[in-house]
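My notes follow the order in which I looked.

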Amino acid sequence: MKAARIHNYGGPEALRYEEAPDPAFEPDEILLRVRACALNHLDLWVRRGLPGLSPSMPHILGSDIAGEVAACGARRRRLSPGQRVLLAPAVSCRQCEACLSGRDNECRHYAIWGAAIPGGNCELMAVPEWAAIPIPDNLSFEQAAAVPLVFLTAWHMLARRAALQLGEDVLVLGASSGVGSAAVQIAKLFHCRVIATAGGEEKLDKAKRIGADHAIDHYRQDIAAEVKRFTGGRGVDVVIEHTGSATWAASLSSLAPGGRLVTCGATTGYEASIDLRRLFVKRQTLSGSFMGTLGDLHQVLKFVFRGQLKPVIDQVFPLSEIRAAHERLERHEHFGKVVVAI
């Protein structure tokens with residue numbers, strides 16, 4: 001098969017489009033013919049070398065995967081060859097207490113495709129049958145690949161960690177990202193007033209087109225001051241934060257009394273400080289969030305499959321141009337998901 005692999009850590013030049021061995025699959029697995037795979041910042045970090053993560057080389061990146069079932073193992077239960085599916089973006093042991101309690105994202109063996117284990121930047125994958133979810137005919141492979149990781153993450157942040165309530169005020173940092181564009185739409189599903197940040201007029205306009213009520217240019221405007229202006233000085237009930245150091249202080253300052261900040265990433269750096277006096281006097285809550293459960297994924301997919309939540313695709317590249325796809329994501333030129341077609 002053809003695959004895009006890295007043999008060593010580095011920049012986009014480390015990616016090689018080349019021949020790779022076809023995978024063998026077990027009786028409880030399916031052989032997936034990959035048709036599309038979306039990029040995440042995780043791809044960039046793994047490609048550069050992520051501390052604590054040492055995948056076997058050569059390694060295949062790619063966490064957001066859609067395709068069709070090419071063949072099934074002897075113990076298949078649900079799927080048949082030819083079915084169109086997307087993959088849950090990670091696998092767990094399905095045997096530990098966390099997994100059996102429905103908290104599979106807390107499993108010690110939780111592994112995201114393309115990070116600890118080979119991913120979807122290839123033509124064929126052997127995957128557990130349970131990880132493959134059938135998709136409707138009106139969803140293209142590219143659209144399906146733009147969904148799993150970011151909608152799962154955003155749903156878990158808003159519905160679970162923030163316990164979002166109908167009609168609340170929500171600030172979404174970095175609406176041009178996959179998680180950001182998903183979070184804007186999910187918050188609107190809860191009939192919330194959404195304030196989104198993005199960089200530049202074009203991205204601000206796109207943020208409003210996907211549902212943001214107000215948009216702030218995080219390069220030119222004071223985020224907290226604008227939030228206070230939009231909310232009559234009160235601040236927001238929920239902040240969805242995944243950018244890290246660059247916006248951390250503004251995110252905290254934007255919280256209303258009793259507000260909840262949920263963070264799932266640190267794309268601009270992980271160093272942050274907090275005034276504890278403000279936290280306890282204003283009775284605010286800070287929560288970390290990592291991916292989401294398989295149950296969360298099935299729940300958010302109901303809204304995607306009904307067309308109430310829509311994947312946002314920035315640009316589609318052929319797998320042979322995987323370096324250009326990485327470069328676009330690295331330059332922050334995208335709004336939504338960068339996808340490779342296979």
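The entries below go through a predicted model, topic by topic.

**Entry 1: strands**

I found an open sheet of three strands in the order S2-S1-S4, with antiparallel pairing. Strand S2 (15-19) and strand S4 (59-60) are the edge strands; each has a single partner, so one side of each has no neighbour in the sheet. Strand S1 (residues 2-6) pairs with S4 through two bridges in the antiparallel sense, and arginine 5 has isoleucine 60 in S4 as its bridge partner.

Next I followed strand S5 (residues 64-72). With strand S3 (residues 29-38), S5 forms an antiparallel pair of eight bridges. Alanine 38 is bridged there to aspartate 64 in S5. S5 is also joined to strand S6 (residues 84-87) by three bridges, again running antiparallel. For that pair I noted glutamate 68, whose bridge partner in S6 is arginine 84. As background, strands of a sheet pair through backbone hydrogen bonds, either parallel or antiparallel.

Methionine 57 and proline 58 are joined by a cis peptide bond, with omega about -5°. I placed proline 58 in the loop between helix H1 (41-48) and S4.

**Entry 2: nonpolar cores**

Which residues touch the most other members of the largest nonpolar core? The core has 97 residues, and I listed Met125, Phe151, Val170, Ile186 and Ile240 as those with the most such contacts. Helix H4 (residues 148-161) supplies the largest share of this core, nine residues.

I took valine 170 for a closer look. Beyond four places in sequence, valine 170 is in contact with Leu158, Leu164, Ala187, Cys192, Arg193, Val194, Ile195, Val236, Val238 and Ile240. The general rule I had in mind is that nonpolar side chains tend to be buried together in soluble globular proteins.

**Entry 3: nonpolar surface**

Ile274, Leu276, Phe280, Val281 and Leu286 make a nonpolar surface patch of about 470 Å². Helix H9 (residues 276-281) gives the largest share of the patch, three residues. Leucine 276 is part of helix H9. I read leucine 276 as exposed because its relative accessible area is 52%, over the 50% cut-off.

**Entry 4: salt bridges**

How many salt bridges does a search of the whole structure find? I got 20, and I wrote down a few of them.

Glutamate 201 and arginine 220 form a salt bridge between their side chains at 3.4 Å, N to O. Glutamate 201 is in helix H6 (residues 201-209) and arginine 220 is in the loop between strand S13 (214-217) and helix H7 (223-230), so I logged the pair as linking distant parts of the chain, 19 residues apart. Glutamate 201 and arginine 220 are both exposed.

In glutamate 226 and arginine 229, the closest N and O atoms of the salt bridge are 2.7 Å apart. The two are three residues apart in helix H7, which means a separation of about one helical turn. Glutamate 226 is buried at 15% relative accessibility, whereas arginine 229 is exposed at 54%.

Arginine 234 and aspartate 237 form another salt bridge, with 2.6 Å between the closest N and O atoms. Aspartate 237 is buried at 12% relative accessible area, while arginine 234 is partly exposed at 39%.

I found a network of salt bridges linking Asp314, Arg328, Arg331 and Glu333. Arginine 328 sits in helix H11 (residues 322-330).

**Entry 5: positive phi**

Last, I listed non-glycine residues with positive phi. Histidine 332 has phi near 60° and lies in the loop between H11 and strand S18 (337-341). Histidine 332 is partly exposed at 45% relative accessible area. Arginine 94 also has a positive phi, about 60°. I placed arginine 94 in the loop between strand S7 (90-91) and helix H2 (97-100), partly exposed at 42% relative accessibility.

Terms used. Residues numbered from 1 in each chain as written. Predicted model: local features only at pLDDT ≥ 70, side-chain atom pairs only at ≥ 80, totals over all residues. Heavy atoms only, no water. Patch = residues over 30% accessible without salt bridge, like charges linked within 9 Å, V, L, I, M, F, W, Y side chains within 5 Å. Areas by Shrake-Rupley, 256 points an atom, 1.4 Å probe, with all protein chains shown as cover. Salt bridge = Lys/Arg side-chain N within 4 Å of Asp/Glu carboxyl O. Helix = DSSP H or I, 4+ residues; strand = E, 2+ residues; numbered from the N terminus. Buried < 20%, exposed > 50% of the residue type's maximum accessible area, 1.4 Å probe, protein only. Pairing = 2+ DSSP bridges. Core = buried A, V, L, I, M, F, W, Y, C linked by side-chain atoms within 4.5 Å. Contact = heavy atoms within 4.5 Å.
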